[in-house]
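Hello,

Here is the structure I promised to pass on. Please open it alongside this email; my notes follow below.

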Amino acid sequence: MKDHDTINFSAIGLNGAQATNKHHSRVVLAWAVARLPMIVALVYLFRARVLDVIERQFDILTITQFVIDLLSVPVTRMIVGAGFFAVLVAAAACTARLRPVLAYVTTLLVACCALAALALTTATSWRRGLIVALILALNAAPAGLVERVRRHPRTWNILMLTGIGVAELLFAREYWNWISGARRSSSAGTGLKAGIAALLLASLAAAVLIRDERLVAVEQKIRLSQDVEVMERGPSFNWIELDSSGTYLYVTGHDIPYLRRYDVRNLAARPLVSDVPTGGAQGFAYDPSANQLYAVNTYTRQLLYLDAATLKLEKTADLAQLSAGDPWIAVDAQTDTLTVVSEADVRSGDPLIVLQRSSGRTVARADLDAGNVLKHPSRPWLYLTFFRRRSEVMLYDLEAHSVIRRAPADPRAERMAFWKAKNELLVTSPIESRVLRFDADTLAPKGSLAALFGVRAIALDEARQLLLCGNIATGHLIVLDLRTGARVSTRYLGPWLRTIELDVPNGTAYVSANGALYVLRYSTALARSAPTEGKVRGGQ
C-alpha cells in the first residue's frame, strides 16, 4: 500500500511539474507574441507623455521629420520596397544551386550593391543602408552559422525574452522558432518560406528607411487629383495670407529670406519680394486697414513695418527682450497694438510683448510662450494655445493687458479658427485626432469634431458651412461639413501642411507646406466627392 501510494505520489508530482512547465510556456508564448502590440498600444494611450519625454531627452524635430517622411509617401515607399524585393528574389533564384554559404554571401553582396546605389542616388545615409544590410544578413544567415550563436542557450533565451524589437527585427526567423519551440536542424534555415520572409523583412526596412525629397514628387504624380496644383516647390513655406482684394498672396517661411507677394491671377509670374530681409520669419501679421505687414527678424530682434503694396520697409521697432524662438504676431486696430509672442525655445527674456503700433513702444509683457495666436474678429482679445509646457487655451485682453479667461485643452493644442455663426473658437488637437470647440466669450468647452491623427492647419468657409483641416503627418487635406461633422472631401497634397488661407468667393484654398505651396479648388473637389461617415461630439 505504501509502495502504491508512493508511486501515485510520484506520478502526481511529475504531472504537477509538467503542468507548471506548460503554464510557464504559455506565459512566455503570450509575452513573446503580445509584447510589441502591447507596447504600441501603451505608447498610443500615453502618447502625450511619451512626446514630452522625447522632447526633453532627444531631438523631437528629427523624430517628427522621420514620422512625416514615412507617413506622407506610403505608395512610393511600397514601390521602392517592391523593387528592392525583386532584386533580392532574382539574386536568390540565381544562386539557388550554389552551396548555402556561397549563395548567402552572393545574395548579401547583391543587396549591398543595391543599397549603395540608393545611397548614391538618394539622400539615404550609409548608416540606414547598413541597418538594412544587417537585417538581411542576420535573418537570411544559414542555420549552421546561427547554431554557433545558439550554443549558449542561457544567453540566447535571455535575448529572445528581453530583446524587445531587436529579436523580432534582427532574428525574426529564430524568434519565431523560439516561440513555437521548433528544433532546428542544420538545413532548416534554408527553407523557401524562411528565405522569402528574410527578403521581405529587409525590403520592408529599405522602404521605411529610404530618404529623399524626390519621393514626394513621385507620390504626387500618383496621387494628386485634378483639383490640386503645386504653385511652387523648394523652400520651407509657413505663414500665408491673402490681401483684402484676394489678388495677392503674402508668403513667408524659414527658408525664405525675404517676404514674398504672389499674384494669384498669374501664378507663373515671379513674386515681389521685400526690400529688406526678414531673417526667414515663421510668421507675419497683415492689417488691410493700415495697408501694412509686420514681421520679426529673429536675427536682429527687430519688428519690421512693411508697406503691403510695395513690400518696402517703413520703420522698425526694437524687440531685444523677446524670448528666443519662432514668434507669432497679432495686430489690433482698436488698441493700436502689435502683440508678438515667441514659442520660447529658450526660456529667457519675455515670450509675450505688446507694443503700441504707432510708436513701437512696449506697453506690456507676460510670461506666456504660446505656440499660436488668434485675434478676435471684433474685440480687443487675443486667443493663445500652447503646444508645449501648458495644456490650456487662454484669452488675453489687450486693454487690460491680462489673461481674463482660461480653459483646459488637449496637450499640444495647435492652430485656431473663429466660427462666427456659432461664436465658437475651434482648436486643432493633432495628438487626439480632433478639433476642440470652445465658447468664444467664456472658453467653456462645447465638444469636438472628429478628425484624423495629425490634424493641424485649419480654415473656415462659413458661406458653405465647411471646415478645412490639413494633416501634418499624412499630407491630406480633409473638408468637414460643419452642420454634421461628416467628411465630405479628402485630397492628398504633400507632407507637413502648415497654413490654409481661403478665397471663399472662388472656393479656393492656398496651402503652405514644408517644400511646396499648393492651390486646391475645394468647391470643385466637393462636386466630385461623396460624403463619408463622420460625427460631431457634443457635451463637455
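Tyr 305 has Lys 315 in β9 as its bridge partner. This is a predicted model, so treat what follows as computed. Strands β8 (residues 302-307) and β9 (residues 313-318) pair antiparallel, over five bridges. Five residues lie between the two strands of this hairpin. In the hairpin, Leu 311 takes a positive phi near 60 degrees.

Next, Asn 297. It sits in strand β7 (residues 292-297). Is Asn 297 buried or exposed? Asn 297 counts as buried because its relative accessibility is 7%, and the cut-off is under 20%. Leaving out residues up to four places away in sequence, Asn 297 touches Pro 277, Thr 278, Gly 279, Gln 302 and Leu 304. Pro 277 is 20 residues from Asn 297 in sequence, with 7.7 Å between their C-alpha atoms. The Asn 297 side chain also reaches the backbone nitrogen of Thr 300, at 3.2 Å.

Last, a helix pair. Helix α4 (residues 74-94) packs with helix α12 (residues 214-223) at an angle of about 110 degrees. Their axes are 8 Å apart. Angles of 65 to 115 degrees count as roughly perpendicular, so α4 and α12 are roughly perpendicular to each other. From α4, the contact involves Pro 74, Val 75, Thr 76, Arg 77 and Ile 79. They meet Leu 215, Val 218, Glu 219, Ile 222 and Arg 223 in α12. By type, the residues of this contact are six nonpolar, one polar and three charged.

Best regards

Technical notes: Residues are numbered from 1 along each chain as its sequence is written. This is a predicted model: local features need pLDDT of at least 70, side-chain atom pairs count only at pLDDT 80 or more; totals for chains, interfaces and linings use all residues. Side-chain values use heavy atoms; hydrogens and water are left out. Axes are lines fitted to C-alpha atoms, for helices over the stretch in contact, and angles run from 0 to 180 degrees between N-to-C directions. Helices (H or I, at least four residues) and strands (E, at least two) are DSSP runs, numbered from the N terminus. Angles under 35 degrees count as roughly parallel, over 145 as roughly antiparallel, 65 to 115 as roughly perpendicular and the rest as oblique. Contact means heavy atoms within 4.5 Å. Ala, Val, Leu, Ile, Met, Phe, Trp, Tyr, Cys and Pro count as nonpolar, Asp, Glu, Lys and Arg as charged, and the others, Gly among them, as polar. Buried means under 20% relative accessible area, exposed over 50%, partly exposed in between (1.4 Å probe, protein chains only). A polar contact is a pair of N or O atoms within 3.5 Å; within protein, one must be able to donate a hydrogen and the other to accept it, and residues adjacent in sequence count only if both atoms are side-chain atoms. Two strands pair if DSSP finds at least two bridges between them.
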